[in-house]
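Hello,

Here is the structure I promised to pass on to you. Have a look at it first, and then read my notes below.

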Amino acid sequence: MPGGVVERETFEFLKGKILEQAHDVDGVCLYLHGAMRAEGVDYCENVILGELRQAVGPAVPIAIALDMHANIVAETARNVNAMVAYHTAPHIDTFETGEKAAAMLLQILAGRRLAMGFAKIPFLLPGEKAQDTVGTMGEMMRLVAELESRPGIVSASLMNGHCWADVPDIGVAAVVVTEGDAVLAQTEADRLATVFWDRRADFDFGTEAYPVDEAVELAMAAPESTVFLSDSGDNPGAGGTTDVTALLASLLAHQASNVVVGSIWDAAAVDACIAAGVGQEVSVALGGKLDTRHGRPLPVTGRVRLISDGSYYWGGVRDPHHLVQRGKTVVLTVDGVDVIVTAQRHSYEEPAQFRALGIDPLAYKIVVPKRGYLTSPLEAISPRSILAVSPGVTNCDVTQLEYRRVNRPMYPLDPDATWKVGDQGPGERSVPSESMPRQGGL
Ligand SMILES: [Zn+2]
């Protein structure tokens, strides 16, 4: 589960595991998310790839597959021979993206030269405003598909970045890989970046989106049998703490009933519920312990409905037949709201996760996943989806967040920001001052 800044020791360990394999190889194909940040390292994947390039030398090809929300810097494009990112959000082409990266590596190993173009615009874009099937991002991905269908083009990718990482060199990157034509690759990357930049004001939520109270009122009044109400500001899938209680507080204040909230992270509350036992009443101050900026512990009194060890079979479309052990979990019923409380941070993104707790999501009027856009398995069963633009570290209104380190000007923090092809993009301008020495860590 993504979270805050990764401990340096952990990053060094993971990097070491990759680099210790980097000898006597013909080529390297890696799957990296692309937006990892560690203590003192702003662009972890870039450091990994730089050291990997040093270890294997210039003649060994490196191809990488990335998430659509990767923070790619210009140096990364120089360290690898080919890269491709997911073309879908929610991400349902993970397998195909890995396959494309591997295919590109095999092309190079077969003696074909690939060229890559890279362009980046200073645009902080939350994924919730860039789903691949709708709106402006949908149009952008049709441009990508059209480009990829042309002779000489191997792949094209748009990496929207992880807008909640407060690193200097952030933005939307366009990458085009061609069959050796470097001018074509750069021209087309520039063209994609230019269209993206020209359309920057048009990117909007792919679903209904409202402030918290309005979203709650609309969900309660909805004619649909079930509404999925996304607590988007506290999305663990994007690094949220999962302990912001603003939306839950609004639901209780509105006396909403027949609601399930998945989930609040609060180990102390879980222990209190287990100590009380199933069927017992318990009073706890819920959440608000890690993210103290966007919320505070919410005092509630409820009845313990269920205690679980948190083990279940995933059973979903993405990772079937896989036993997940997520630690102690309870369901605490507060008035008409079933709150799933977990001892570890957890993301509820599959119906199977609810069902493992004896909860049928479609039996509820309102289901609150701490997500932004719904994952495809939730979307598949959702009669209606409303996104609450709620507070938290993954707030989808980036203008409400306090950025300290991103390069400025940056759209939309600076509405008058300008960019054109040939400008020194953020990738060239930023000095990753906190990055480790390139030769270190081997
Ligand atoms: Zn992503």
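**Helices 5 and 6**

Met140, Leu143 and Leu147 of helix 5 meet Glu188, Leu192, Val195 and Phe196 of helix 6. Two residues are in contact here if their C-beta atoms, placed from the backbone, lie within 7 Å. Helices (H or I, at least four residues) and strands (E, at least two) are DSSP runs, numbered from the N terminus.

Before going on, please note that this is a predicted model: local features need pLDDT of at least 70, side-chain atom pairs count only at pLDDT 80 or more, and totals for chains, interfaces and linings use all residues. Residues are numbered from 1 along each chain as its sequence is written.

Back to the helix pair: helix 5 and helix 6 pack at an angle of about 165°, and their axes are 11 Å apart. Helix 5 is therefore roughly antiparallel to helix 6. For these values, axes are lines fitted to C-alpha atoms, for helices over the stretch in contact, and angles run from 0 to 180 degrees between N-to-C directions. Angles under 35 degrees count as roughly parallel, over 145 as roughly antiparallel, 65 to 115 as roughly perpendicular and the rest as oblique.

Helix 6 spans residues 182-198 and includes Thr194. With 16 C-beta neighbours inside 10 Å, Thr194 counts as partly exposed. The cut-offs are these: a residue is buried if 20 or more other C-beta atoms lie within 10 Å of its own, exposed if 12 or fewer, and partly exposed in between, with C-beta atoms placed from the backbone. From Thr194 to Ala82 the C-alpha to C-alpha distance is 22 Å, and the two residues are 112 apart in sequence.

Three strands form an open antiparallel sheet in the order 4-6-5. Its edges are strand 4 (115-121) and strand 5 (153-159), each of which pairs on one side only. Two strands pair if DSSP finds at least two bridges between them. On average, neighbouring strands of this sheet are turned by 10° against each other, direction ignored. Seven bridges link strand 4 to strand 6 (residues 172-178) in the antiparallel sense, and Ala115 has Thr178 of strand 6 as its bridge partner. Helix 5 (residues 135-148) packs on the sheet and touches strand 5 and strand 6, its direction making about 165° with that of strand 5.

Another open sheet has nine strands in the order 7-17-8-16-9-15-14-11-10, with mixed pairing. Strand 7 (208-211) and strand 10 (281-286) are its edge strands, each pairing on one side only. Neighbouring strands in this sheet are turned by 35° against each other on average, direction ignored. Strand 7 pairs with strand 17 (residues 385-389) in the parallel sense over four bridges, and Ala209 has Leu387 as its partner in strand 17. Helix 9 (residues 267-276) packs on this sheet, touching strand 10, strand 11 (298-308), strand 14 (329-334) and strand 15; its direction makes about 175° with that of strand 10.

Which part of strand 9 (residues 259-265) is buried? Seven of its seven residues are, so strand 9 is largely enclosed by the rest of the structure. It runs parallel to strand 15 (residues 337-342), joined by six bridges, with Trp265 partnered by Thr342. Strand 9 also runs parallel to strand 16 (residues 366-369), with four bridges, and Gly262 stands opposite Pro369 there.

Helix 1 (residues 8-19) and helix 2 (residues 44-56) pack at about 35°, with axes 10 Å apart, and their crossing is right-handed. Phe11, Lys15, Ile18 and Leu19 of helix 1 make the contact with Cys44, Ile48, Glu51, Leu52 and Ala55 of helix 2.

In helix 8 (residues 246-253), the buried residues are Ala246, Leu247, Leu248 and Leu251. Gln255, which follows helix 8, has a positive phi near 55°.

**The whole protein**

Overall, the protein has 12 helices and 17 strands. Its radius of gyration is 23 Å, close to the 22 Å that the globule rule gives for 442 residues, so it is as compact as a globular protein of that length. That radius is taken over C-alpha atoms, and the rule is 2.2 Å times the number of residues to the power 0.38. Buried residues make up 50% of the 442.

Best wishes

Terms used:
A crossing is left-handed if the near helix is turned anticlockwise from the far one by less than a right angle, and right-handed if clockwise.
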